[in-house]
Amino acid sequence: MKKNFRLRPAQIIVLCFFLLISAGTILLMLPIASTAPGSAPFETAVFTATSAVCVTGLIIEDTAQYWTPFGQTVIILLIQIGGMGVVTVGVILMMFSGRKIGMRQRWIMQESISAPQMGGIVRMTGIILITTMLVELTGAIFMSFRFIPQYGVGRGIWFSVFHSISAFCNAGFDLMGVNGEPCVSMTSYSADPLICLTLVSLIFIGGMGFMTWKDIKDYKFKFNRYTLQSKLIIFTSLILIGGGFLFLFFYEFRQSQWEYMGTVERATAAIFQTVSPRTAGFNSVDLNNLSSGGKIITILLMLVGGAPGSTAGGFKMTTLAIIILCIRATYQGRENASAFGRRVSSQSVRNAAAIFSLYLLLFLSAGIFISCYDRVPLMSALFETASAIATVGLSLGITPEISSLSHYILICLMFFGRVGGLTLIYAVASGEGADGSRFPQEPVAIG
């Protein structure tokens with residue numbers, strides 16, 4: 001008798017992302033989408049579509065100069081769907097159409113947003129939609145006070161909406177190439193607190209995760225009632241932002257190449273370049289001028305990324321927090337990692353170790369390969385691969401210059417980084433459960 005073939009939630013998530021990228025590639029290859037003679041090449045279209053769906057921001061061609069208004073609209077729609085999650089958008093459409101959302105759809109939704117339980121998933125979807133629309137609208141209104149006087153009403157509104165969605169979804173696509181120089185990101189606004197702090201706020205909120213939003217909505221300032229996941233996310237995020245800001249403000253931006261900056265501009269740039277690598281991809285300064293230490297810190301911030309179930313990529317703040325808690329427990333001679341009066345489950349520890357190791361392996365091996373194959377500096381190659389796998393979009397400018405093979409490697413890294421390592425592992429796993437048997441245990445010396 002034949003077994004009924006049914007896709008598991010992880011497989012459905014991977015398939016949805018693949019289909020959305022395919023649709024985006026086809027649309028971007030239409031003659032109306034680009035300024036290229038005929039149409040955009042397949043490599044450029046699939047790279048851009050993957051970067052948009054995976055909310056990365058790495059580009060081969062400047063978004064404003066190469067893509068027409070139609071192409072830019074396709075890109076921002078891909079960013080919005082990819083940022084909220086393909087499955088989340090699908091469930092929202094089902095809700096508006098009046099269709100009943102069954103247990104299977106709820107199960108897939110739970111997997112998609114990393115929810116701890118299936119109960120309340122439909123309500124959570126409504127929270128995601130309302131919060132996303134309100135935050136993006138607020139960001140667009142703030143930026144319109146700068147963009148409308150500069151670009152006129154029509155273009156100013158479009159710029160405000162485009163950059164608000166791109167920032168909230170942690171994508172990093174920008175339209176600043178319209179001023180003549182390609183791939184400049186937000187460098188012309190490095191001393192503008194309105195634009196920089198609005199973008200920082202959008203990036204921060206988008207990268208906190210849907211489940212953290214729910215805790216904040218339900219419990220307000222009663223931090224002790226938050227879930228352990230939300231507590232770890234907030235605490236780790238504050239440490240990373242604080243540490244990154246102190247390094248950039250007191251060391252990096254006091255180097256000779258930044259002597260033109262005043263105190264306010266240094267502070268604005270420091271907070272912007274601390275938050276943006278996790279994982280938005282905007283830059284307010286020329287990243288090539290960063291010192292070696294500055295580039296390393298940026299790479300580390302990119303790899304960590306945001307929160308599970310958020311618009312951000314990276315191996316996630318919770319993974320870093322659990323790894324550090326395990327190290328602390330080992331030094332203290334305790335068997336289990338714990339924080340805030342709660343013990344971290346052994347399954348979470350195993351997942352954190354697996355994801356952390358896999359990200360580092362792919363990031364390093366891909367960077368070394370690109371450096372050797374395309375003969376580019378190792379630091380530049382590692383910066384690019386960290387940006388791709390963490391779905392950031394920051395670049396030292398080598399993406400348009402490297403080979404097609406390296407472009408496809410970056411595409412694979414972006415897809416892996418957005419879909420998630422565990423999701424891909426579960427998607428290709430056999431699906432067979434454990435048989436209950438265990439091998440004999442034997443100790444292995446460590447260290």
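Two residues are in contact here when they have heavy atoms within 4.5 Å of each other. Keep that in mind as we walk through this model, which is a predicted one.

Let's start with T48, which you will find in helix α2 (residues 42-53). Leaving aside residues up to four places away in sequence, T48 touches L28, W67, I75 and F173. Its relative accessibility is 1%, and buried means under 20%, so T48 counts as buried. I59 sits 11 residues from T48 along the chain, and the C-alpha atoms of the two are separated by 6.1 Å.

From here we can turn to the nonpolar interior. In soluble globular proteins, nonpolar side chains tend to be buried together. In this model the largest nonpolar core has 112 residues, and I79, F147 and M186 are those with the most contacts inside it. Helix α17 (residues 404-419) supplies the largest share of this core, seven residues. Another core lies apart from it, with 10 residues, among them L228, A321, I322 and A352.

Next come the aromatic rings. A pair of aromatic rings is described by the distance of the centres and the angle of the planes. Searching the whole structure turns up 19 aromatic pairs. Take Y151 and F159: their ring centres are 4.6 Å apart and their planes meet at 40 degrees, so this pair is tilted. Y151 and F159 are both buried.

F315 and F356 make a pair with another geometry to look at. Why is this pair edge-to-face? The ring centres are 5.3 Å apart and the planes stand at 75 degrees, and planes over 60 degrees apart count as edge-to-face. This pair links distant parts of the chain, 41 residues apart: F315 belongs to the loop between α13 (292-304) and α14 (317-331), while F356 belongs to helix α15 (residues 346-374). F315 counts as buried, at 5% relative accessibility, whereas F356 is partly exposed, with a relative accessible area of 24%.

Y219, F223, Y226, F235 and F340 come together in one aromatic cluster.

Methods. Residues numbered from 1 in each chain as written. Predicted model: local features only at pLDDT ≥ 70, side-chain atom pairs only at ≥ 80, totals over all residues. Heavy atoms only, no water. Phe/Tyr/Trp six-rings, centres within 6.5 Å; stacked < 30°, edge-to-face > 60°. Buried < 20%, exposed > 50% of the residue type's maximum accessible area, 1.4 Å probe, protein only. Helix = DSSP H or I, 4+ residues; strand = E, 2+ residues; numbered from the N terminus. Core = buried A, V, L, I, M, F, W, Y, C linked by side-chain atoms within 4.5 Å.
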